Amino acid sequence: MVASEVRALFSVASRPEVVSLAGGMPYVTALPLDVVGELVADLVAQRGPVALQYGSGQGDPHLREQICEVMRLEGIEANADDVVVTVGSQQALDLITRIFIDPGDVVLAEGPSYVGALGTFAAYQASVVHVPMDDEGLIPAALAETIESLSRAGRRVKFLYTIPTFQNPAGVTLNEQRRREVLEICNRARVLVVEDNPYGLLGFDGEPLRALRADDPDGVVYLGSFSKTLAPGFRVGWALAPHAIRDKLVLAMESAVLSHSSFAQLAVGRYLETQPWREQIKSFRELYRERCEAMLSSLEMLMPPGCTWTKPAGGFFVWLTLPPGLDSKALLPRAVAERVAFVPGTGFYADAQGAQYMRLSYCYPQPDRIREGVRRLAGVIEQEMQLRDTFGTGSVPDHGGVDTPGPDLA
């Protein structure tokens, strides 16, 4: 486990004068916080002896039934017995990796991939092999070729880790045809799919996309979370897994934390039971749509030639590609000095790639702050391009290891 080299910079970036386009923090202020406060108070008054006691290692049975209702929005028909409640979906990812990975086993992951997942894989000594993406998500032909190449080399692939919808960090979405192809490829190769889907209900247009798990109950472990659709402070996520994996997850959960918070689970369950949570998700969708539009329009107006970026249809993130010769990690201290922050692309690869990329988040700042942040960032990039043109590209910093930002940036 390796501490991030950029954490000290982000302690500076948290100052109010700095526009942070770094953190993937949901805008929880949009919640009816007074209602949530009353709900929590009523929970303690009415069910305090249960809410403040130890609970089941698998999770509250009623909440697991409610989770099945939430997943039904993405085409998943599931039994509550196959749901394991976890401390955020990050713990579910940790438990899955603990169960499946021996040191040296291969995990396939999109390139780029979620920084929190890469840190978990590294901690269990997995060998992460990235599969290329484009604007339509994971490339099936590249996936098939990668699996075949590893098989010929005698290397053992344990699972594919994917965020198919509004991916973190790239913001792209796997289209329907590719979803079918990815499942077929993994089925043929007997490779488990771990589908991480925290953003699936936060699309800007239309109905939620059908989850991979909806079409392959036996070959996909689905990870979900209330962190983006309710609040991350509750730390309630879940895994939906085939029976045999479910049993191992419960054992691993009990060994890790004995039992998770009954209080948090019952609070989330009470919220789902008493509040118009679907309408609240619609409110989040509109809020994030407005902020995404502010970022995309500002990038279009202000970024210098040579910069390109993804155009997400939901979620929290834009993935920006810098002009040739520029390095996002080397750029970060200069950006912070100009009172704007981002996450360098190196944190989203396990193999020292990503220097030419940066992740920009639009979920937390107000639209006018996003526009100002993009203006400042564009100025920094323009200055760096002038230096490049005058002095050349110079040396490229060493980006070895998994450069893992803290949870507020993930």
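User: How many aromatic pairs does the structure hold?

Analyst: This is a predicted model. The structure holds 14 aromatic pairs.

User: How do I read the geometry of one pair? Take Phe316 and Phe317: what are the distance between ring centres and the angle between planes?

Analyst: Check two things: the distance between ring centres and the angle between ring planes. Planes over 60 degrees apart count as edge-to-face, and those under 30 as stacked. For Phe316 and Phe317, the centres are 6.0 Å apart and the planes stand at 70°, so this pair is edge-to-face.

User: Are Phe316 and Phe317 buried or exposed?

Analyst: Buried means under 20% relative accessible area. Phe316 has 0% relative accessibility, so it counts as buried. Phe317 has 1% and counts as buried too.

User: Which kind of pair do Trp319 and Tyr357 form?

Analyst: Trp319 and Tyr357 are stacked. Their centres are 5.2 Å apart, with 25° between the planes.

User: Which parts of the chain does that pair tie together?

Analyst: Trp319 lies in strand 11 (residues 317-321) and Tyr357 in strand 14, so the pair ties together parts that are 38 residues apart in sequence. Trp319 is buried, at 6% relative accessible area.

User: Which residues do ring pairs link into a cluster?

Analyst: Look for rings that share partners. Here the cluster holds Tyr199, Phe284, Tyr288, Phe316 and Phe317.

User: Now helices. How many residues has helix 13, and what span does it reach?

Analyst: Compare the end-to-end span with the expected one. Helix 13 covers residues 367-391, which is 25 residues. From first C-alpha to last, helix 13 reaches 36 Å, close to the 36 Å expected at 1.5 Å a residue.

User: Which residues of helix 13 are buried?

Analyst: Start with the general idea. An α-helix has 3.6 residues a turn, so residues three or four places apart point the same way. In helix 13, the buried residues include Ile370, Gly373, Val374, Leu377, Val380, Ile381, Glu384 and Arg388.

User: What covers the buried residues of helix 13?

Analyst: Among the covering elements are helix 11 (277-302), helix 12 (328-337) and strand 14 (357-361). Strand 1 (19-20) and strand 12 (340-341) also take part.

User: What happens just after helix 13?

Analyst: Gly392 takes a positive phi there, about 90°.

User: Which residues other than glycine have a positive phi?

Analyst: Arg190 has a phi of about 55°, and sits in the loop between helix 7 and strand 7 (192-196). At 77% relative accessibility, Arg190 counts as exposed. For Arg339, phi is near 70°. Arg339 is in the loop between helix 12 and strand 12, and counts as partly exposed at 39%.

User: Last, the whole chain. What is its radius of gyration?

Analyst: Compare it with the value for a globule. With 410 residues, a compact globule would have a radius near 22 Å, and the protein chain has 21 Å, which agrees. The chain has 13 helices and 14 strands. Buried residues make up 57% of the 410 residues.

Technical notes. Residues numbered from 1 in each chain as written. Predicted model: local features only at pLDDT ≥ 70, side-chain atom pairs only at ≥ 80, totals over all residues. Heavy atoms only, no water. Helix = DSSP H or I, 4+ residues; strand = E, 2+ residues; numbered from the N terminus. Expected span 1.5 Å × (residues − 1). Buried < 20%, exposed > 50% of the residue type's maximum accessible area, 1.4 Å probe, protein only. Contact = heavy atoms within 4.5 Å. Phe/Tyr/Trp six-rings, centres within 6.5 Å; stacked < 30°, edge-to-face > 60°. Rg over C-alpha atoms; globule rule 2.2 N^0.38 Å.
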